[in-house]
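Colleague: I would like to learn how to read a structure like this one. Please take me through a few features, with the general idea before each case.

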Amino acid sequence: MEERPCAVLLKFPGTNCDEETARALEEVGFVTEVIPISALKATSLVGVSLVVMPGGFSYGDYVQSGRFAKLVTEQKIGDTLTEFRDNGGYLLGICNGFQILTQLGLLPDGSLVENASGRYQCHWVKLDKQCAKSPFLTHLPDQFEFPIAHAEGRLVTGTPEEAKAYRESGAAALTYTDEVNGSFEQIAGLQDESGRVFGLMPHPERFMNSADHYDPDWESGVDGEASRGSGYYLFRSLYESVTSSN
Amino acid sequence: MSETEETILDRIAEVPADHYRILKISDLGGDELFELSKFMKLSLSKEDMLAVQEIYKEWDREPTDVELEVIAQTWSEHCKHRIFGATIEHTVDGESETVKSLFKTYIYDVSHRIFDSKPGFVLSAFHDNAGFIKLDDKQAVCLKAETHNHPSAIEPYAGANTGLGGVIRDILGAGKGAKPIGSLDVFCFGAPDTSLEDMKATDVIHPLGMMRGVVRGVRDYGNRMGIPTISGALQFDDAYIYNPLVFCGTAGVIPIDDIDKEVKPDQVVISVGGRTGRDGLKGATFSSAALDSTSHEEDQQAVQIGNPIEEKKAADFVLAARDKGLIEFVTDCGAGGYSSACGEMLETCGGTIDLDSVSLKAEGLVSWEIFISESQERMVLAVKKESLPELQELADLYETEMTELGSSDGSGILKVTHHGETVCELDCSKLHDAPIRQLKAKWSKKTEAIEAPVLSNAAEDLKSLLSDFAIVSREPIIREYDHEVQGNTVLKPLAGASGDAPQDASVLRISGSEKLMSMSVAVLPEWGKTDPYAMGAACVDECVRQLVASGSDPDRIAILDNFCVGNPEDEEELGALVETVKAIAAGAEAYGAPFVSGKDSFYNYFETEDGPVSIPVTILISGMGIVDDEAHVTGASIRRDDSVLAIIGNTGAELGGSVFARQKELANAEVPQTNFEEAFACYRKYYEANKAGLILSAHDVSEGGLAVTLAEGAFSRKAGLEVDLSGIPMDAAAGKAAMLFGESPSRIVVEVAPENLEKLADLFEGLPFAALGRTTSEHANLNIVWGKETLINEPVDQLKSLWKNGLAQYY
């Protein structure tokens, strides 16, 4: 039997999307292991193809979201994640995980701050794929929907020009079609230069099935896969990228 | 009181050590005993105190302060439901009857008859922290709802925060630990646009601040715990200005093998999670008393501050420990703190708790404070000695604190030690013999037949209803809650093609099962003001109907009753309660939907200068159902522009209780009664139709009546609606107002493909059913006619905008 690639999900106190994210990864072919941060060692990533930072509220996010998680991660494993990426590993951060990857400096400079509405926002958004090459997005159409659920998802950069440059370079791999939370350039997701590190505010793991969509008549439009949701295609893109680069 | 004045406590206390006192009560008279109760804030009546005195006379000794506090907690209304157990002489229009325990007669016995008729469906009820029903051969689901009214009145954010945190712990403490999978919230407030001049007390929080604080409290706990808040309701009434109601509920799932739990001798009692402090002292006894202006100053310490991450870590620990088979018994620390949790755990087995081992977050706590503190985020477990090392590893892994509190010993005695001395030694079986209260209740018919109002402008009436706080979209609140975390929310609170239309129930997928769980709530306080029986019946009906409409099997539904009442010593208020209880019992029995859990909250009244303001008797019926197949899940929004509409159920002439009647000030109008037998026959037929794939969408008719139901269905913006009311099943006396805006229960509007209408009509042969109209792409209006007369013809967009922005502008 073909060996399945291994994905590790890091769980901080307050991480709460680990189960459904692991389920999504398993569904497309990964074997998964959820590692609570207290048990994380530099050696935990040996033989691992993908590290996922799932959504939630690490340490409550009472200081800037992802800040405390970054400090603990660095204290635990130093720059192992950077080495992991340099050695060909993939990293995915969803929602709070995006905030943590940003704090860790693994993604282009930027901060995820309080939504312009000043509110927590839980609803579905339309997204535009800005980087067709992204190994995380290959199987997705140019425009699709995911749900969001966050209070601090407004991506700001040092200057508005920086955000513009991200859009032009494709670093801003995913943007909101409409104004959602005040993000510069309506950025919803970022990737690094290698393309193997990807962070996004929306939750692909919540849209694995067409029945997850709010409209009971939604269909993927893909022949023979009417019951799949768009999130499935993100994880399958990732799976194929990981297995073909192994 | 000056510092030098001698208190009753000073007169009778013997102080063997700094941390506890022995109280010489054997020589005190009834009045002095009651004075002691008041001074110690025990919330025990004179009769209760005399009973305590009697117990100690039998034991030939005096109680310690710890023991008195334990008894006060155990006998508090909050923990013991004394009023639901009372003997009540109930008089209706001059006819008297004696009800021995509302709980036993109308909740417990009724439910047990249903359990017996459906073997294997209800797997646990009434004795655990939540009741379980069977999902499939491997898993069971549970639901529990609680109120947190008094804490929320004083501190809306923290009160609601810990309200949700507490009910989540109930689920974690149900069986050997159930996994929380979804929450509900139901709030009753004063209207957010209440003017300051209309408020009869200056020291209450304005309803707008109340609402926002409460919503934020629920949001910050539920979202951080990673539990989707999927179901809810809002009600507004002036009486709730002074006593807001905050109901929080949570559902859970558990492997069936992990439901039964038992403490045996020589097990270790451990505490997991937060530390113990002075916060939350006397929450249980506090919530068993009325509020007044001093409550806002004096009782601050009864309200705790929540820490959801602490609870999340404890939850991760409990669920991992359960999966490893390391838990023998688990319960949460709620009202009464360790005294209740350990008391419950050691009730039959007995054992010793050592307060020296409790992990404290404040200094100088005396014995009783440690034992009854309601500090948040604590779970208490009984485990085997040999499991301790593995449990400690899990505690380290999830970064939660675990401490050994004591052990079980088979003695039947609850013993508490502190600084080497025994500060409490109680025969647990004696604790539960609280005196039975004797109460009087009365009710008299308040409604009368009124002349049906003439509709001069039905379109304006509809707009006015869609803007009413009882009907407007809860969207601003729903969007602040994560209702999709865990990735299992199939039917969301807002859905349909536009993603923002209201749904009847919410439906959750359950990991590891083909079956799904549904949840819904019903609360209709306006009905109960004049006809509490009709209110109770309609609440059971609406809850069940929403579950069925959304795809649940009508024969596998269980419900919860959560009551909130003003002053139970007021005969009329208690009478309204008795009438409500009788109605929900009749509904449960007729629908075969047993109660599996319930709670009651009394003393929801506020002393103002003009006298007390009581809330209307309020019943929340929340329910859970089983959906057999994801294909059965049915939303409430119109899906096609070439379909037909039909109505199930009869429309009566009564307008009482309706939002329309309130707006038109139709006082004392007759309130619709529920025909349970006919309704349930319809629900079973509906289920058959749904299983056969005949139903495209279905929306229950509730607040605002049929016109509002149709408008809400059209909010998906898929089609215009053309409806003719002249052929619907109705009472001869029903006028146009009743047809459009009356709130007769048991009705469902269904959308079907034209080719399926006949099949559906055949299925409903002999039951109230009729074609109602069609959906169309020709226009985007809601067009309602009566034969040739147009009653309403309005653009759906305009109606939707009123409904959608009704609350948003105040939020």
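Modeller: Begin with helix axes. An axis is a line fitted to C-alpha atoms, for helices over the stretch in contact, and the angle between two axes runs from 0 to 180 degrees between N-to-C directions. Keep in mind that this is a predicted model.

Colleague: How do helix 21 and helix 23 of chain B cross?

Modeller: The axis of helix 21 (residues 571-591) of chain B comes within 9 Å of the axis of helix 23 (residues 676-691) of chain B, and the two cross at roughly 40°. Angles under 35 degrees count as roughly parallel and 65 to 115 as roughly perpendicular. Helix 21 of chain B is therefore oblique to helix 23 of chain B. The crossing of these two helices is right-handed.

Colleague: Which residues of helix 21 and helix 23 of chain B meet?

Modeller: Helix 21 of chain B brings B:Ala586, B:Gly587, B:Ala590 and B:Tyr591, and helix 23 of chain B brings B:Phe676, B:Glu677 and B:Phe680. By class, the residues of this contact are 5 nonpolar, 1 polar and 1 charged.

Colleague: At what angle do helix 20 and helix 21 of chain B cross?

Modeller: At roughly 35°, with the axes of helix 20 (residues 532-549) of chain B and helix 21 of chain B coming within 7 Å. This crossing, too, is right-handed. On the side of helix 20 of chain B, the contact includes B:Pro532, B:Tyr533, B:Met535 and B:Val544. On the side of helix 21 of chain B, the residues include B:Ala576, B:Lys582, B:Ala586, B:Gly587 and B:Tyr591. The classes here are 14 nonpolar, 3 polar and 3 charged residues.

Colleague: Now the whole chain. How many helices and strands does chain B have?

Modeller: Chain B has 27 helices and 35 strands. Its C-alpha atoms fill a box of roughly 90 × 60 × 45 Å along the principal axes.

Colleague: Why does the radius of gyration of chain B agree with that of a compact globule?

Modeller: The idea is to compare the chain with what its number of residues would give. For 811 residues, a compact globule would have a radius of gyration near 28 Å; chain B has 27 Å, so the two agree. Buried residues make up 63% of the 811 residues in chain B. Of the contacts in chain B with a separation of 6 or more, 82% join residues 24 or more positions apart.

Colleague: How should I read burial for one residue? Is A:Leu106 buried or exposed?

Modeller: Count the other C-beta atoms within 10 Å: 20 or more means buried, and 12 or fewer means exposed. A:Leu106 has 25 of them, so A:Leu106 is buried. This residue is found in the loop between helix 4 (96-103) and strand 5 (111-113) of chain A. The contacts of A:Leu106, leaving aside neighbours within four places in sequence, are with A:Leu81, A:Thr82, A:Arg85, A:Leu91, A:Leu101, A:Asp192 and A:Val197. A:Thr82 is 24 residues from A:Leu106 along the chain, and their C-alpha atoms are separated by 7.1 Å.

Colleague: Is A:Gln143 buried or exposed?

Modeller: A:Gln143 counts as exposed, because it has 11 C-beta neighbours inside 10 Å. A:Gln143 lies in strand 7 of chain A. Beyond four places in sequence, A:Gln143 is in contact with A:Lys126, A:Leu127, A:Asp128 and A:Thr177.

Colleague: What about backbone angles? Where does A:Gln186 lie, and what is its phi?

Modeller: A:Gln186 lies in the loop between strand 9 (174-176) and strand 10 (187-191) of chain A. Its phi is near 55°, a positive value in a residue other than glycine. With 21 C-beta neighbours inside 10 Å, A:Gln186 counts as buried. In chain B, B:Ser101 also has a positive phi, near 70°. B:Ser101 lies in the loop between strand 4 (95-100) and helix 6 (102-117) of chain B. This serine is partly exposed, because 18 other C-beta atoms are within 10 Å.

Colleague: Last, how many residues does each chain give to the contact?

Modeller: Chain A gives 29 residues and chain B gives 30 residues. In chain A, strand 6 (121-129) and strand 7 (143-150) are the elements that give two or more residues to the side touching chain B. Strand 6 of chain A gives the largest share, 4 residues. By class, that side of chain A has 15 nonpolar, 7 polar and 7 charged residues.

Methods:
Residues numbered from 1 in each chain as written. Chains lettered and ligands numbered in written order. Predicted model: local features only at pLDDT ≥ 70, side-chain atom pairs only at ≥ 80, totals over all residues. Rg over C-alpha atoms; globule rule 2.2 N^0.38 Å. Contact = placed C-beta atoms within 7 Å. Parallel < 35°, antiparallel > 145°, perpendicular 65-115°, else oblique. Left-handed = near helix turned anticlockwise from the far one by under 90°. Nonpolar A, V, L, I, M, F, W, Y, C, P; charged D, E, K, R; others polar.
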